[in-house]
Amino acid sequence: MILDLLFPPRCAFCGRLLDENGKCPDCVLPWVEDGDALQDIGGFLCVKAFYYDGPAKEAIHALKFDRASWRAGVLGRYIAQAAAEYLGGQFDAVTYVPVSWQRNLARGFDQSRLLARSAARVWGIDAEPALQKIRHTRPQSSLDDPRLRHANAEGAYRPRRHAAIAGRRFLLIDDVVTTGSTLAACAATLTAAGAASVVCAALAGGRNTRQGGLKKRMLFQ
């Protein structure tokens with residue numbers, strides 16, 4: 001196709017050109033092991049698709065800091081795949097962890113919103129802007145102490161005016177889950193606003209300490 005000649009398809013993880021079969025010749029993706037896929041974050045269940053390592057970490061850094069927003073269209077589908085596999089039947093609406101207006105202005109987009117839009121598209125629905133960040137915080141990645149992460153996220157979010165939250169079951173999406181403080185703060189805000197339930201999903205989180213082999217799963221490009 002002419003578009004492929006002008007804009008050759010690239011791997012959403014490392015950015016390299018795909019081969020003639022649409023596969024990346026270099027990436028070995030750090031799929032999360034079954035025993036690590038789910039974690040409890042402040043009483044809410046959260047699933048992640050990958051460990052925060054290798055190509056997954058590279059993709060998230062490129063998305064957030066190199067303005068590679070095109071990657072979200074592919075990466076969001078991996079979030080949807082993990083959510084469907086581990087949380088299927090537990091949600092009927094999709095929303096996301098919003099960034100502050102300052103960070104949105106500096107970055108030019110909200111990466112979690114883009115990921116959520118891509119994930120929601122898998123189910124033929126829209127990702128809804130249910131929350132608003134009302135306090136600009138330090139990046140959670142700059143804080144090592146879980147207590148500081150919790151304090152940093154606490155009270156930083158509120159429901160958007162006129163958002164349809166009450167009685168609904170939400171899938172809440174973010175790019176990375178570490179301690180889960182940010183997702184937990186947002187999930188608690190949704191619950192306080194009347195959500196029937198909240199489950200969470202992230203593209204990546206944690207590190208692989210197991211010795212098992214890599215899973216073979218469908219790759220999206």
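**Close-up views of a predicted protein model**

**View 1. Surroundings of Lys133 in the predicted model.** Apart from neighbours within four places in sequence, Lys133 is in contact (heavy atoms within 4.5 Å) with Pro98, Val99, Ser100, Arg103, Ala156 and Tyr157. Lys133 belongs to strand 4, residues 131-133; helices (H or I, at least four residues) and strands (E, at least two) are DSSP runs, numbered from the N terminus. Its relative accessible area is 11%, so Lys133 is buried. Here buried means under 20% relative accessible area, exposed over 50%, and partly exposed in between, with a 1.4 Å probe and protein chains only. Between the C-alpha atoms of Lys133 and Val99, which stand 34 residues apart along the chain, the separation is 6.2 Å.

Residues are numbered from 1 along each chain as its sequence is written. Because this is a predicted model, local features need pLDDT of at least 70 and side-chain atom pairs count only at pLDDT 80 or more, while totals for chains, interfaces and linings use all residues; side-chain values use heavy atoms, with hydrogens and water left out.

**View 2. The whole chain and its confidence.** The protein chain contains eight helices and seven strands, and 48% of its 221 residues count as buried. Among contacts with a separation of 6 or more, 76% join residues 24 or more positions apart. The average pLDDT (the predictor's confidence in each residue, from 0 to 100) is 85, and 82% of the residues score at least 70. In residues 1-7 the pLDDT is below 50, and this stretch has two contacts in the model beyond near neighbours in sequence.

**View 3. Helix 6 and its cover.** Helix 6 comprises residues 111-122. Its 12 residues should span 16 Å at 1.5 Å a residue, and the end C-alpha atoms are 18 Å apart, which agrees; the expected span is 1.5 Å times one less than the number of residues. Gln111, Ser112, Leu114, Leu115, Ala116, Ser118, Ala119 and Ala120 are buried in this helix. The cover over these buried residues includes helix 3 (54-65), helix 4 (72-87), strand 3 (93-96), helix 5 (101-107) and strand 6 (169-176). Val122, also in helix 6, is partly exposed because its relative accessibility is 45%.

**View 4. Helix 8.** Helix 8 covers residues 181-192, and the 16 Å between its end C-alpha atoms agrees with the 16 Å that its 12 residues should span at 1.5 Å a residue. This helix is mostly covered, with nine of its 12 residues buried. The buried residues are Ser181, Thr182, Leu183, Ala184, Ala185, Cys186, Ala187, Thr189 and Leu190. Gly194 follows helix 8 and has a positive phi, near 105 degrees.

**View 5. Two loop residues with positive phi.** Most residues other than glycine have a negative phi. Arg67, which is not a glycine, has a positive phi of about 60 degrees. Arg67 lies in the loop between helix 3 and helix 4 and, with a relative accessible area of 55%, is exposed. His162, likewise not a glycine, has a positive phi of about 70 degrees. The loop holding His162 runs between strand 5 (157-159) and strand 6, and His162 counts as exposed at 76% relative accessibility.

**View 6. Val28 in its loop.** Val28 is placed in the loop between helix 1 (2-6) and helix 2 (34-37). Its relative accessibility is 53%, so Val28 counts as exposed.
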